[in-house]
Amino acid sequence: MTNEWCGWRDATERALYGADDGFYTRSGGPGPAGHFRTSVHVSPLYAGAVAGLLRRVDGALGHPAELALVDVGAGRGELLTGVLAALPDGVAARLRPYAVERAARPEGLDPRIDWRDELPAPGSVTGLLFANEWLDNVPVDVVETDGDGVARRVLVRADGTERLGEPVDGADAEWLRRWWSPLPAPSTTGTGRTAPSPGLRAEVGRPRDEAWARAVRTLRAGLAVAADYAHAREDRPPFGTLTGFRDGREVRPVPDGSCDITAHVALDACAGPSAELLTQREALHALGVDGRRPPLSLASTDPAAYVRALGRAGAAAELTDPAGLGGFGWLVEPVGGECAGLLKP
């Protein structure tokens, strides 16, 4: 890894996806599951819910001869494996599963899965595109206000040392004005005059908007869903969200390839005109996943079934907890009119 100064977007790109030593792409690495737990890893209920959504898409599209499931940011293929196991044979027989992931194909993966390092061609597939915790790993630049309240690009070296660079301008500055309203809002002094607010930070989400638009364009017809930890324009964090993860723990983000580097997603900025924003709790409830405990009477009539149901309820509660995974955002974007409203209660 080079130790030259550059923006966080370039530094993150090298750190996560470098050809030989990237955090996600190095040979023999454990993949995301070795460092953090996504909804996919919590319980098979999540893959089952995605399979249920896929069946709704299939029905809305009139059961096409070939039904696509495009998993963007596929990790080691865990979600696709779970969905294939949850589908009825008739649907699975028509399914074309795509894994879009920059890491190498894992050994032993179901041969039905088409593993590729880039999206299918625009307008080439019909079905469901699902991106679980992908956009948070699309690299972005970080900006910070200086002592005069001017938003400047944050430069970083591979050891994590930072300094401020040039003022933000052009398309990035326009994105900040439109989508990150707290920056660079000045503070008010006791005299009624405004004073600069140094140290405010933001992540410039424009590359994620563009990445999501490209992903949606792969669909000829169907539904595109992004599930990620997110924030909305009216509630942007004043100091940004850039952080790192390693071995299941949150750590300081250092772009040397030793840790995941991630930041919350401005899903509202990514959303197209027909998109809907939900919480994961709302989406999973609409798909029949909830954390209600089984009736206690089941414990006396069928103890084994009660224990199984209790386990499912616990996993469902974790997936839908509004203070945890249930608070994640789901960006649901139909392509064509057939798949609108598939997650209505």
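Is Thr-320 buried or exposed, and what is its relative accessible area?

Tutor: The model is a predicted one. In it, Thr-320 has a relative accessible area of 3%; because values under 20% count as buried, Thr-320 is classed as buried. The residue lies in helix α11, which covers residues 303-320. If neighbours within four places in sequence are set aside, Thr-320 is in contact with Arg-281, Leu-284, His-285, Val-289 and Gly-326.

The sheet may be described next. An open sheet is formed by 7 strands, with mixed pairing, in the order β4-β3-β2-β5-β12-β17-β16. At its edges stand β4 (114-116) and β16 (276-279), each of which pairs on one side only. From one strand to the next, the twist averages 20°. Helix α3, residues 44-60, packs on this sheet and touches β2 (67-72), β3 (95-100), β5 (125-132), β12 and β17. The direction of α3 makes about 155° with that of β5.

Within the sheet, strand β12 (residues 219-228) pairs with strand β17 (residues 329-335) in the antiparallel sense, over 7 bridges. In general, the strands of a sheet pair through backbone hydrogen bonds, in either a parallel or an antiparallel manner. Leu-223 stands opposite Pro-334 in β17. A further helix, α7 (residues 206-217), lies across β5, β12 and β17 and runs at about 145° to β12.

Notes:
Residues are numbered from 1 along each chain as its sequence is written. This is a predicted model: local features need pLDDT of at least 70, side-chain atom pairs count only at pLDDT 80 or more; totals for chains, interfaces and linings use all residues. Side-chain values use heavy atoms; hydrogens and water are left out. Two strands pair if DSSP finds at least two bridges between them. Helices (H or I, at least four residues) and strands (E, at least two) are DSSP runs, numbered from the N terminus. Axes are lines fitted to C-alpha atoms, for helices over the stretch in contact, and angles run from 0 to 180 degrees between N-to-C directions. Contact means heavy atoms within 4.5 Å. Buried means under 20% relative accessible area, exposed over 50%, partly exposed in between (1.4 Å probe, protein chains only).
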